[in-house]
Amino acid sequence: MIEFLYFTSKTCGVCKVLKPKLLEAIRENFPKVNIRVVDVEEEVEFTGQSMVFTLPVGIIKANGKEMHRFVRSFSVYEVLEKIKRFIDN
């Protein structure tokens, strides 16, 4: 099972711009990927456990194990390509 976690906050401008494009692209191309949006202000403990210290952050997990982490500057294309690799394997 592939899961994508997207860490964001209400005050993150980049997050607000990237989030709709990224989540729509994942849903469109990989409908079986579970997506979890994590608001760092509401889920402080989980954010800390996930070692997230900057935003935005995207994490791809396969069977509960972190496989790849995107931090600060990343594109929708990069995320889709990485998810495709894990699904194809």
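Predicted model: local features only at pLDDT ≥ 70, side-chain atom pairs only at ≥ 80, totals over all residues.
Although Arg72 is not a glycine, its phi is positive, at about 65°. Arg72 counts as exposed, since its relative accessibility is 57%, and the cut-off for that class is over 50%.

A positive phi also occurs at Met51, again a residue other than glycine, with a value near 60°. Met51 belongs to the loop between H2 and S3 and is exposed, its relative accessible area being 52%. Most residues other than glycine have a negative phi, and most peptide bonds are trans. The peptide bond between Leu55 and Pro56, by contrast, is cis, with omega about -10°. Pro56 is placed in the loop that runs between helix H2 (44-49) and strand S3 (57-62).

The 13 residues of H3 should span 18 Å at 1.5 Å a residue, and the C-alpha atoms at its ends are 18 Å apart, so the two values agree. The buried residues in H3 include Val76, Val79, Leu80, Lys82 and Ile83. Because these residues cover an arc of only 165° around the axis, they lie on the same side of H3. An α-helix has 3.6 residues a turn, so residues three or four places apart point the same way.

What does the buried side of H3 pack against? The partners of its buried residues are strand S1 (2-8), helix H1 (13-29), S3 and S4. On the face turned away from that buried side, H3 carries the exposed residues Tyr77, Arg85 and Asp88.

The search of the whole structure for disulfides returns 1. This disulfide joins Cys12 to Cys15, with an S to S distance of 2.2 Å. The link of Cys12 and Cys15 is right-handed, with 75° about the S-S bond. Are the two cysteines buried or exposed? Cys12 is buried at a relative accessible area of 10%, and Cys15 counts as buried at 0%; both assignments follow because buried means under 20%.

| Residue | Relative accessible area | Class |
|---|---|---|
| Met51 | 52% | exposed |
| Arg72 | 57% | exposed |
| Cys12 | 10% | buried |
| Cys15 | 0% | buried |

Key:
Residues numbered from 1 in each chain as written. Heavy atoms only, no water. Helix = DSSP H or I, 4+ residues; strand = E, 2+ residues; numbered from the N terminus. Buried < 20%, exposed > 50% of the residue type's maximum accessible area, 1.4 Å probe, protein only. Expected span 1.5 Å × (residues − 1). Arc of directions from axis to C-beta. Contact = heavy atoms within 4.5 Å. Disulfide = S-S within 2.5 Å.
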